[in-house]
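Thanks for coming, everyone. I'll take you through this one chain by chain, then look at where the pieces meet. Please keep the view open while I talk.

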Amino acid sequence: MAGILDMLSWFFLVGGGFLGITGAVGLFRFPDFYTRLHAASVTDTLCAGFIVLGLVLQATDAMMVFKLVMILLILTYTSPTAAHALAKSALHGGLKPLTDLDANNKSGAESTQPEGESPSTP
Amino acid sequence: MLAVTALSVVFMRDLFAIVMLFGIYSLLSAGFFVTMEAVDVALTEAAVGAGVTTVLMLGTLAMTVRKEKARVKPSSLLPLAVVTITGLVLIYGTLDMPYMGDPDAPVHQHVAPRYIEQSYEEVGMPNIVTSVLASYRGFDTLGEVVVIFTAGLGVLTLLGVSGDRRHEKRPAVMEHHLVLKVITKALIPLILLYALYIQFHGDYGPGGGFQAGVIFGAAIILYTIIFGLTKGEQVITPLFLRYMMGAGVLIYGGTGVLSLLLGGNFLDYDVLAHDALHGQHYGILAVEFGVGVTVTAVMISIFFNFTGRSTLSKDEE
Amino acid sequence: MDTTLGLYNYWIVIFLMMVGFYVVIAQGNLIKKVVGLNIFQTSVFILYITMGKVSGGAAPILDDSVTAYSNPLPHVLILTAIVVGVATTALALALIVRIKEEYGSVEEDEIHDQDNSL
Amino acid sequence: MYFAISAAILVVMVLALARALLGPTVYDRILAVNMFGTKTVLLIAVFGLISGRFDYIDIALVYALINFISIVAVLRFFEYGDHREQES
């Protein structure tokens, strides 16, 4: 039982680490802000989730598990929210997505922010 | 990494980028404190450096300019020389310093062993930092609280807005961020609860009045950022804040006077209860509470003043 | 090698300190000066915390399983210093805001020019 | 093994820092700072497990909260600053 838990936890930790590096490479290499946002926020959330889950499986103390779960909860709450707010204010601030290469990417970025342009100038 | 960040601060022109980098810088230094086993300090730096300082600097930027002007006279040779020479002299000085982590270094010989070995019998708190902060060095901490109080007063005098102009209508800036508003509503009770945990758990784990005050203040600041200054001031009115600022210092000093009246020395908590350990416990709780109240009030009031001023100067334009 | 490792932290501290110092004396922008001052301040914090470190020592919260603790005294000093630091930074920033309102600039040169022309 | 994870997180931090330094737009920098903050939380949590003392988790928790606050603050003031420039 302990062995399985251990293996599972290492799987999560390694997966988290891998996702984190992927996200960072994306953040570093992608051509424009919206693609970078995608790379960073999606992998960021999953990576944080994985690593904290892995740590939870390693933890021995009930209080520690509780606090780690709180961290997980807060991260899953705040990190997509921050990404959303960032994308919205970037769109609002007049930063255009990169259009010429892949139309898919652009429509994806806009369909998630349908209300982004309407409530603009005060 | 710290060095790279600091260096890049020098070469950046865009002040906004500098502030962002400064946020990273303080995150890094807090990470450094963690590796140095200084949990309380890391907690404080986390709350203060990454949160409040960034917010305040941004507030200033909103009121002043974003770009640094291009320099007219490139006279940076002399300062550079001064800096290099001073640095070299200081590095020469470090050659005599004890190596890092050496348990025989002079710092560890003076009063620290006493704190480590006897504080549990004398004060009864697992967290040595708290017991040193509030009990052994209570005078110092009282001084610090007064300094913070004074700084709060100073900001109030410099930036405070007179009563009748305060109540002009100010629109909430982030009106259209629906998701942010919902998430914030869910988060704020959590932050407040956590601040209370830090406040009262400070005897056993990292934490205490300073950190709890900053976190509590940060929660209110978050509310004000999202819902606008008018609503923020309905939650905690500026007048109440001023009372709070004073009340914290008074609670601290009052504890001292109480112990004086009960026959002990100033800020000697042994006499506060039937036996010394309980007395220490009550005393530290009261003192930490005072610290927390003052720090909270000062942080919030500084932030209110900055925001209030920036909305006003916008109106004038 | 031993010397390098043992003193490495101090050198970083000095480097940071000098960067902060340089920013304060060589830059004309007041906000940047405050940032420089903060960097200087942080370097002093790091110096203190480095001094408080004992190798093999744990965080100074008493626990039965731990034998050596790092020195709590620097932690206390720095803890209060950080909070006081942010209060003074706020004061400095408030002053800058007032200066901007009175002089219309946060550049040192321009403020001097205006003073001299009076 | 824990050290491998912390090394991975450190690599991520370096890349995020590079993006914050290079970042052509302000939003890139904010994004990088956000990511940096999240990774600091994880790093501290992992470090807490290495040393086996759960006081560190408290710090990580504070970070998670404060990071969000600072991102929101940055966004707000940035939007606000933009309005100002447009008006004046």
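**A walk through the chains**

Let's start with chain C. Its secondary structure comes to four helices and zero strands. Along the sequence, the pattern reads α-α-α-α. Chain C has 118 residues, and 58% of them are buried. Now take the contacts in chain C with a separation of 6 or more. Residues 24 or more positions apart account for 41% of those.

One caution before I go on. This is a predicted model.

On to chain A, then. It has four helices and zero strands. Reading along its sequence, you get α-α-α-α. The chain averages a pLDDT of 73. At least 70 is the score for 75% of its residues.

Which helix of chain A has the lowest mean pLDDT, and which the highest? The lowest belongs to helix H4, residues 103-111, with a mean of 45. The highest belongs to helix H3, residues 62-92, at 83. Look also at residues 105-122 of chain A. There pLDDT stays under 50. For that stretch, the model has 15 contacts beyond four places in sequence.

What about burial in chain A? Of its 122 residues, 39% are buried. And the contacts in chain A with a separation of 6 or more? Residues 24 or more positions apart make up 64% of them.

Next, chain D. We have three helices here and zero strands. From the N terminus on, the elements run α-α-α. Chain D has 88 residues, and 69% count as buried. Among its contacts with a separation of 6 or more, 42% come from residues 24 or more positions apart.

**How the helices pack**

Now the packing. Two packed helices are described by the angle between their axes and the distance between the axes. I have two pairs to show you.

The first pair sits inside chain D. H1(D) and H2(D) pack at an angle of about 165 degrees, and their axes are 9 Å apart. An angle over 145 degrees counts as roughly antiparallel. H1(D) and H2(D) are therefore roughly antiparallel to each other. Their crossing is left-handed. Who takes part in this contact? By class, 18 nonpolar residues, one polar and four charged.

The second pair joins two chains. It is H1(A), residues 2-29, with H1(D). Their axes come within 9 Å and cross at roughly 15 degrees. That makes H1(A) roughly parallel to H1(D). The crossing of H1(A) and H1(D) is left-handed.

Which residues meet there? On the H1(A) side, they include A:Leu13, A:Gly17, A:Gly20, A:Ile21 and A:Phe28. On the H1(D) side, look for D:Ile5, D:Ala8, D:Val12, D:Leu15 and D:Arg19, among others. Sorted by class, the contact of H1(A) with H1(D) has 14 nonpolar, two polar and one charged residues.

**Chain D against chain B**

Stay with chain D, but turn to its contact with chain B. How many residues are in contact? On chain D, 36 residues; on chain B, 41. Three helices of chain D each supply at least two residues of that side: H1 (2-22), H2 (26-51) and H3 (55-87). H3(D) gives the most, with 22 residues. By class, the side of chain D that touches chain B has 23 nonpolar, six polar and seven charged residues.

**Two spots in chain B**

Last stop, chain B. First, helix H6, residues 128-136. Nine of its nine residues are buried, so H6(B) is largely enclosed by the rest of the structure.

Second, B:Arg242. This residue lies in helix H12, residues 238-261 of chain B. Is it buried or partly exposed? A residue needs 20 or more neighbours to be buried. With 16 C-beta neighbours inside 10 Å, B:Arg242 counts as partly exposed. Now check B:Phe149. B:Arg242 and B:Phe149 are 93 residues apart along the chain. Their C-alpha atoms are separated by 9.9 Å.

That's my tour. Over to you.

Note on methods:
Residues are numbered from 1 along each chain as its sequence is written. Chains are lettered from A and ligands numbered from 1 in the order in which they are written. This is a predicted model: local features need pLDDT of at least 70, side-chain atom pairs count only at pLDDT 80 or more; totals for chains, interfaces and linings use all residues. Two residues are in contact if their C-beta atoms, placed from the backbone, lie within 7 Å. Ala, Val, Leu, Ile, Met, Phe, Trp, Tyr, Cys and Pro count as nonpolar, Asp, Glu, Lys and Arg as charged, and the others, Gly among them, as polar. Axes are lines fitted to C-alpha atoms, for helices over the stretch in contact, and angles run from 0 to 180 degrees between N-to-C directions. Angles under 35 degrees count as roughly parallel, over 145 as roughly antiparallel, 65 to 115 as roughly perpendicular and the rest as oblique. A crossing is left-handed if the near helix is turned anticlockwise from the far one by less than a right angle, and right-handed if clockwise. A residue is buried if 20 or more other C-beta atoms lie within 10 Å of its own, exposed if 12 or fewer, and partly exposed in between; C-beta atoms are placed from the backbone. pLDDT is the predictor's confidence in each residue, from 0 to 100.
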